[in-house]
Amino acid sequence: MPASLGGVSVSLVTDFGSVKITDYRCTASRHDPVEVEVHKRFTIAYVRRGSFSCRAHGKTHELVRGSLFVGHPGDEYVCTHDHAIGDECLAFQFDDALADAAGPTSAWRTRGVPPLPELVVLGELAQAAASGRAELGLDEVGVWLAARYVALATGRAQRTGPSPVDRKRAVQAALRIDARSHEQLDLETLARETGLSPFHFLRLFANVLGVTPHQYLVRSRLRHAAQLLADDARSITDVALAVGFNDLSNFVRTFHRAAGVSPGRFRDAARGDRQVLEAHYARLS
């Protein structure tokens, strides 16, 4: 929760520039002092645990697990814990351009949003991405969450399908990702190279190709890794680094999730060990 109450632990998850993700853990109670605070960026905080009260624009909002705390730059607010001790939130803070692309700024007026099914599922998806349990970029989920919230808040209709020009843009972006999948590419970088905002680029890419840019990036890395494991003698660690994974454990976990076997066992299969694949497919039958 964006607050300066006693017992607040704030840790930056990552900063993509247009999207900044922060983890808030608060242990405050009703007896702790409160003060007026001001939002610095357009904000959506997903309450994953606990509860708190927020007062803004003369109204009090009660937020529980699954709620959203939405904020507009310059808006003042006060948060208290009148009914329970502490809360935990995953907060997405967006720059002006991305918030404007998502929709009218009036939708960002500081408020509490109840646990709506359309938003809860995205909030939990964000949690999974933050912990590495989902094959999605955390910045991508943040943009989705902002787009879905604004659409619900304003009642905006969905856009029509992509044009031929947009389809070409998406395909060319995919070709760039595949050629440079060993690099550390993020949504903002790819969007800038395509000449679109992160919001519009993510929506375009997913609509045309059926996967998000991050999903395509990870799958490209896995494909290149499979090629190296089958044809190359370098170590598993060297393969992971060569295809773009900076963390060996993340590579092993992601590869196993995709292939059903570890990188080492996949290499054994590529070298003629039929028992590896026979055992794997026997489990699937």
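Which helices and strands each supply at least two residues of the lining of the largest pocket? The points below take up this matter and two others.

1. The model is predicted: local features need pLDDT of at least 70, side-chain atom pairs count only at pLDDT 80 or more, and totals for chains, interfaces and linings use all residues. Residues are numbered from 1 along each chain as its sequence is written, and side-chain values use heavy atoms, with hydrogens and water left out.

2. The largest pocket holds about 770 Å³ of space. A pocket here is an open set of points on a 1 Å grid over the protein atoms alone, where a 1.4 Å probe fits, with protein on both sides within 12 Å along at least five of seven lines; lining residues have an atom within 4 Å of a point. The volume is the space filled by probe spheres set on the points, which are joined across faces, edges and corners.

3. At least two lining residues come from each of β1 (8-15), α2 (117-130), α3 (138-154), α5 (187-194), α7 (213-231) and α9 (248-259). Helices (H or I, at least four residues) and strands (E, at least two) are DSSP runs, numbered from the N terminus. The largest share, 5 residues, belongs to α7.

4. H57 lies in the loop between β5 (52-56) and β6 (59-63). Its phi is near 55°, a positive value in a residue other than glycine.
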